[in-house]
Amino acid sequence: MTDTSPRPTTGTLRKDFHADLSASIAVFLIALPFSLGIALATGAPLQAGLVAAAVGGIVAGRLGGAPLMVSGPAAGLTVVSAELIQHYGWRTTCAVTVLAGLCQLGLAALRTARSALVVSPAIVHGMLAGVGVTIALAQLHIVLGGTPQSSALANVRGLPDQLADLHPVALGVSALTLLVLFSWPRLPGRTGQALRKVPAALAAVATATAVAAVAGLSLPRVDLPSWRSHALPELPEGPVLGIITAVLTVTLVGSVESLLSAVATDKLIVSDRGTGNRPPRTDLNRELRGQGAANIVSGALGGLPVAGGAIRSVANVKSGAVSRRSVMLHGLWVLLAAGLLVPALDLIPLASLAALVMAVGVRMVSATHLRTVTRHGEAVVYGTTIVGVVLGGVLEGVAIGIAVAVALALHRLARTRITVEQLDGGVFRVCARGQLTFLAVPRLSRVLSQIPPDARALIELDGSFMDHAAYETLQDWQDSHRAHGGSVEVTGRRTDGAHRSGAPAPRSQQRDGHQCCRPWTPWKNHCDHRTTDTHPPAGTVAPAPKRAGQLANGISAFQRDTAPHVREELARLAREGQRPSQLFLTCADSRLVTSMITASGPGDLFTVRNVGNLVPLPGAESTDDSVAAAIEYAVDVLKVDSITVCGHSGCGAMQALLSSAPGIPMTPLRRWLRHGLPSLERMASRHHAWARISGRLPADAVEQLCLTNVVQQLEHLRAHESVARRLAEGTLELHGMYFHVGEAQAYLLSEGEDFFDCRVFDTVGQSA
């Protein structure tokens with residue numbers, strides 16, 4: 001259940017408008033020089049950058065699904081646009097932009113926006129880094145006073161001649177631009193703090209322009225021709241296959257860059273703000289529609305292709321924007337500047353714009369991205385994508401990156417380590433780490449053949465998949481080994497992996513009458529069922545299972561398999577301390593695994609568990625201060641954004657409440673369950689509507705009480721002083737959650753008009 005906040009007052013609306021107005025001016029001051037620089041880098045008319053910026057702000061800002069993301073001419077499309085202009089001319093490039101916009105509308109209608117996120121981040125970051133390298137190499141020639149060549153290789157080969165023929169004036173203006181650009185954010189003192197409110201990009205270009213104008217320097221400057229001569233699109237001319245490829249390239253690159261920027265903007269908003277002033281989360285399909293509409297309008301008006309941009313979006317969020325008004329107002333300011341500030345824009349040296357764009361290109365090769373892909377073992381994909389983009393182009397580079405990523409995935413799938421060792425007592429242990437596919441069958445057979453026929457064998461399968469070929473090989477060897485007097489015990493993570501490929505469960509499992517649990521996470525190793533054919537001699541009693549051994553095995557598996565992957569993240573949390581986003585209060589029932597049902601990890605949840613997920617009222621009889629202390633610590637010290645009370649089906653505490661009878665001796669458990677009596681009273685009251693679960697009534701009285709208890713404990717939460725204060729401030733949300741154990745289905749409670757309805761969540765986390 002989400003706490004409902006009051007409607008905004010007139011004062012709040014006025015405050016929000018002022019915030020949007022201030023943010024729009026900040027973004028405009030960044031977008032103006034940036035748009036001119038992108039147009040210069042592509043070889044398009046400089047007005048085309050202004051058209052794209054205005055259309056991106058007004059059209060994409062109004063129709064898009066990411067309220068605070070700013071769209072316009074994007075650095076990621078620079079190389080693509082430059083190649084199109086070189087091959088087909090500017091007017092045909094405009095037509096390609098229109099067609100790409102239509103393709104984006106079609107993809108949005110098919111609701112394929114999330115499919116763009118399937119592309120490996122290593123490929124996306126490699127593509128952007130390759131584009132950055134290409135941009136930097138081209139703009140370096142203008143910085144040095146020359147003219148860029150047609151390709152990155154040509155620009156590299158032409159550098160020696162360009163360095164031998166330097167233009168000191170252009171180089172000096174470019175150096176001044178870069179000096180101001182990089183030093184502006186580091187200006188010290190109160191004066192520096194005041195000056196830093198002006199964007200560094202604007203300050204750098206303005207300083208270089210002022211120096212060039214005052215000194216009377218002779219160098220190429222911005223030349224905005226009359227809007228009357230502005231070129232508009234024409235019907236595409238050229239090979240049909242080439243035009244189709246161009247349209248698909250603009251569609252692919254623009255869509256992926258925009259959607260990834262939208263996701264990144266959402267993450268920035270979550271990390272930068274509390275719950276009180278966050279806009280709605282991004283609707284990716286709507287965003288794709290907005291980008292398509294913006295590209296159609298931009299291309300039709302003679303503008304560059306439009307895409308979402310990270311630099312302007314970050315500035316918008318950091319400047320305090322609260323709605324899409326800031327994005328639309330920024331587009332309006334660009335439109336006004338294009339008509340009223342032409343004389344001032346004509347004073348800007350091209351070398352200054354080139355230096356600005358070159359700096360943007362260098363920053364696109366992110367050291368953070370490089371460390372991330374290296375940590376995940378995808379540096380090869382990242383590097384080959386960069387090389388492919390620089391040497392062949394964006395589409396070719398992405399295709400090479402995808403091919404390398406697929407090859408790497410196949411290599412990892414086929415890479416299985418199989419070892420054998422002899423333990424004390426003549427036991428041979430075979431360890432198979434990785435996925436057991438037909439590619440691993442020769443190694444598996446070779447290792448199994450080393451075990452003597454009458455020996456006791458322990459097979460540890462540490463993987464999540466086994467195909468039919470590997471299953472048959474292992475099963476045939478087990479049958480043969482037992483026939484020769486040996487014994488086999490199969491254990492480890494994989495106990496039913498063959499079932500995933502459609503193979504039946506091993507016959508030994510069928511004989512034992514059970515199948516072990518399949519892993520639900522990479523580190524799960526809790527199942528104590530063992531597939532074994534070892535029977536005690538006749539007339540003897542089998543020993544009881546050693547639970548301590550099960551615990552030790554689990555710890556050993558964690559240290560061996562999981563600790564290496566989480567050690568770096570846990571070390572960071574140890575250094576920085578915990579900063580969970582929510583307090584999660586749930587039952588102590590062993591079937592509720594909070595990390596599993598919330599897909600959370602270390603540092604995400606501050607968890608409190610007790611019998612019946614109860615929240616004692618402040619000052620109540622037999623109050624347990626441990627729950628209140630946890631609430632106070634989470635709300636006042638950790639500053640969590642939300643509190644979730646999670647109940648579940650088949651709760652033993654609720655069953656005990658329903659079956660309680662007077663006269664039974666008071667025990668610690670019964671004293672604790674007295675905090676659940678208000679839930680019983682609420683369920684019996686005629687003044688409260690019954691909770692429904694996904695539009696239906698509860699299956700029985702126990703389920704009704706489980707749901708009612710969640711609602712009642714949320715009421716108890718509001719009685720705590722720290723919670724009430726944060727709710728009044730609008731910085732805290734309350735949620736009710738119900739987990740149906742038998743269905744493995746989570747439900748989120750939301751307040752309706754006269755009852756509480758549970759919104760069911762499907763496998764992709766969308767509410768039905």
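**Working notes**

Analyst: In helix α12 (residues 310-318), the buried residues are Arg-312, Ser-313, Ala-315, Asn-316 and Val-317, where buried means under 20% relative accessible area, exposed over 50% and partly exposed in between (1.4 Å probe, protein chains only). Helices (H or I, at least four residues) are DSSP runs numbered from the N terminus. This is a predicted model, in which local features need pLDDT of at least 70 and side-chain atom pairs count only at pLDDT 80 or more, while totals for chains, interfaces and linings use all residues. Residues are numbered from 1 along each chain as its sequence is written, and side-chain values use heavy atoms, with hydrogens and water left out.

User: What follows α12?

Analyst: Gly-320 follows α12, and its phi is positive, near 95°.

User: Switching topic, which residues touch the most other members of the largest nonpolar core?

Analyst: Leu-50, Leu-181, Leu-304 and Val-394 do, in a core of 90 residues; a nonpolar core is a set of buried Ala, Val, Leu, Ile, Met, Phe, Trp, Tyr and Cys residues joined through side-chain atoms within 4.5 Å.

User: And which helix gives the most to this core?

Analyst: Helix α5 (residues 121-143) does, with twelve residues. A second, separate core of 38 residues includes Leu-614, Ala-653, Val-711 and Leu-734.

User: How many disulfides are there?

Analyst: A search of the whole structure finds zero, counting a disulfide as a pair of cysteine sulfur atoms within 2.5 Å. Cys-651 is in no disulfide, with the nearest cysteine sulfur, that of Cys-587, 4.2 Å away.

User: Is Cys-651 buried or exposed?

Analyst: Cys-651 is buried, at a relative accessible area of 2%.

Methods:
Helix = DSSP H or I, 4+ residues; strand = E, 2+ residues; numbered from the N terminus.
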